[in-house]
Amino acid sequence: QVMPVLATGSKFRTEVVALGTTNKTNVYTVPTNFSSHLENLFISNNHTGIVTLSLHFFHADDNTEYDLLTAHNIAGGSYESIFTVDRPLYLHAGDIIKCTAGTASKLVVTTSCEEFYDPNR
């Protein structure tokens with residue numbers, strides 16, 4: 001299998017999504033022809049009470065969506081990092097990170113990634 005083209009460098013990308021509804025929401029999609037290291041998935045609860053978060057991963061290679069967390073409690077006025085530089089998630093073109101909030105307009109999800117050009121993806 002051909003690897004990403006590291007000689008052309010990489011780009012850093014941050015996406016911020018406020019979960020305004022309790023519907024499943026796409027928070028990060030790996031672009032066509034790229035692979036990505038998701039180096040931080042940061043969730044902040046800007047509410048005083050506990051809000052649940054469900055985390056979903058659509059894996060493009062097998063066209064399947066997986067539930068990674070279901071109704072995980074995020075304490076009021078706090079934050080959590082699910083993936084970090086020390087515990088990254090490696091993604092490929094078409095993979096999607098999705099989140100569902102238990103209460104609308106309380107959680108903000110931030111993803112920080114390093115994307116690499118991968119012409120065979």
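## Before we start

Two residues are in contact when they have heavy atoms within 4.5 Å of each other. This is a predicted model, in which local features need pLDDT of at least 70 and side-chain atom pairs count only at pLDDT 80 or more, while totals for chains, interfaces and linings use all residues. Residues are numbered from 1 along each chain as its sequence is written, and side-chain values use heavy atoms, with hydrogens and water left out.

## The overall fold

Let's begin with the whole protein. It has 0 helices and 9 strands (DSSP runs numbered from the N terminus: H or I of at least four residues for helices, E of at least two for strands). Its radius of gyration, taken over C-alpha atoms, is 15 Å, close to the 14 Å from the globule rule for 121 residues, so the protein is as compact as a globular protein of that length. That rule is 2.2 Å times the number of residues to the power 0.38.

Among contacts between residues at least 6 apart in sequence, 80% join residues at least 24 apart. Of the 121 residues, 36% count as buried, meaning under 20% relative accessible area with a 1.4 Å probe, protein chains only.

## A look at K98

Now for one residue. K98 sits in strand β8, residues 96–101, and counts as buried because its relative accessibility is 14%.

Leaving aside residues up to four places away in sequence, K98 touches K24, T25, N26, V27, S54, L55, H56, F58 and E65. The side chains of K98 and E65 are also joined by a polar contact of 2.8 Å (a pair of N or O atoms within 3.5 Å; within protein, one must be able to donate a hydrogen and the other to accept it, and residues adjacent in sequence count only if both atoms are side-chain atoms).

Note on methods
Buried < 20%, exposed > 50% of the residue type's maximum accessible area, 1.4 Å probe, protein only.
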